[in-house]
Amino acid sequence: TEAIGLYNLGQSCCLNSLLQVFLMNIHFTRILRRITVPSSPRQKRSNVPYQMLLLLEKMQCGKCKAVGPTDLAYCLSEHRVKLFVQHDAAQLFLTLWNLLKKQMKKPELVEELSDLYTICIQEHLACQKCSFEVKNKSTMLTLPLPVLDANSHRLKTLEDCLQYFFHPEELTGQNMCFCQQCGRKTTFLQSMKLIHLPQTLTLHLKRFCFERSSHTYKLSHSLPFPQELDLREVLTESQCQADDTEKATWQYELFAVVAHSGSTSCGHYCAYVRSLTEGKWYCFNDSEVCQVLWDDVKCTYGHSNLYWRETAYLLFYMKKQPQ
């Protein structure tokens, strides 16, 4: 079976959940299997892609229900990833991806890894007093989606969060920008337009809220997300900077959910992943793995009065294969 658990080494549930999402992604493992094997034992111990490949092979032996990611964890600790501490899944995902990209020696594999996960957007600033504009292309690994609007009202669905993220914002008062054409600070309209979406689209639901008092709390209200997501239907023409050929590929199916339970100070992560070869959903809770139904995945939508329950934090969508 593909569904092999990972033993918790001590507060390693976040790492375990992300590893399951990486290693259940056959598009990622096809890249991983073609890496250059480091030559010396010391290089092997500190090479994240190589240690991840060894873990994948260990898991695919299929002789036990779970394996320990000890060697990979200590490899990560050499790159300043702390062990035995609580991690934020969105930050650790970015750290893992950057280490993978940095240590893959073949340029073609680095390019494939970028194509698999990188989102391309255009940031647009327009002065509201004159015709001055600034346009910059940038890349992102995840779309960090607010779950509240500017007035702290709850956004009701994932589609609402996406529309809000790409909604233009007027920069006024203290947020005004200097206009080179006007020669002074003026009101600007800031907007983001989508240029390119990758094979694996990662959405980060910003459920951890930081207050000025440095207190962090979790937003646990219900936020439904669909199994199938068509970005052409969610975003308007003005929110896209892509041709019809690119937009024709913007149809996605949910592949994985990394869910958080508990509070910000004392929490636990697990992953729900849909096997791309079987089409079945599995829940990976450290060493415990079981097959689940879509109704079980929907339990991670959230609940206003039960903040300790599992709540979706990272959503991974996979491009639909053309018929």
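This is a predicted model: local features need pLDDT of at least 70, side-chain atom pairs count only at pLDDT 80 or more; totals for chains, interfaces and linings use all residues.
1. Let's start with the layout. To the contact, domain 1 brings 30 residues and domain 2 brings 33 residues.

2. On the area between them: domain 1 and domain 2 bury about 2,400 Å², with carbon and sulfur atoms giving 64% of that. On the domain 1 side, Val 21, Met 24 and Gln 86 lose the most area to domain 2, and together they make up 21% of what that side buries.

3. Polar links are worth a look too. Ten residue pairs are in polar contact between domain 1 and domain 2, counting pairs with both residues at pLDDT 80 or more. Among the elements that give two or more residues to the domain 1 side are strand E1 (5-6), helix H2 (26-32) and helix H6 (89-103). Helix H1 gives the most there, with seven residues. The count of salt bridges between the two domains is one.

4. Now the cores. The largest nonpolar core has 57 residues, and Phe 28, Tyr 117 and Leu 314 touch the most other members. At least three of its residues come from each of domain 1 and domain 2. A second, separate core holds 44 residues, including Leu 145, Ala 259, Trp 294 and Tyr 317.

5. Leaving aside residues up to four places away in sequence, Tyr 117 touches Phe 22, Phe 28, Trp 97, Met 140, Pro 198 and Thr 202, among others.

Note on methods
Residues are numbered from 1 along each chain as its sequence is written. Side-chain values use heavy atoms; hydrogens and water are left out. A nonpolar core is a set of buried Ala, Val, Leu, Ile, Met, Phe, Trp, Tyr and Cys residues joined through side-chain atoms within 4.5 Å. Buried means under 20% relative accessible area, exposed over 50%, partly exposed in between (1.4 Å probe, protein chains only). Domain bounds come from an automatic or database domain assignment. Contact means heavy atoms within 4.5 Å. Buried area is the accessible area (1.4 Å probe) that two parts lose on being put together, summed over both. A salt bridge is a side-chain nitrogen of Lys or Arg within 4 Å of a carboxyl oxygen of Asp or Glu. A polar contact is a pair of N or O atoms within 3.5 Å; within protein, one must be able to donate a hydrogen and the other to accept it, and residues adjacent in sequence count only if both atoms are side-chain atoms. Helices (H or I, at least four residues) and strands (E, at least two) are DSSP runs, numbered from the N terminus.
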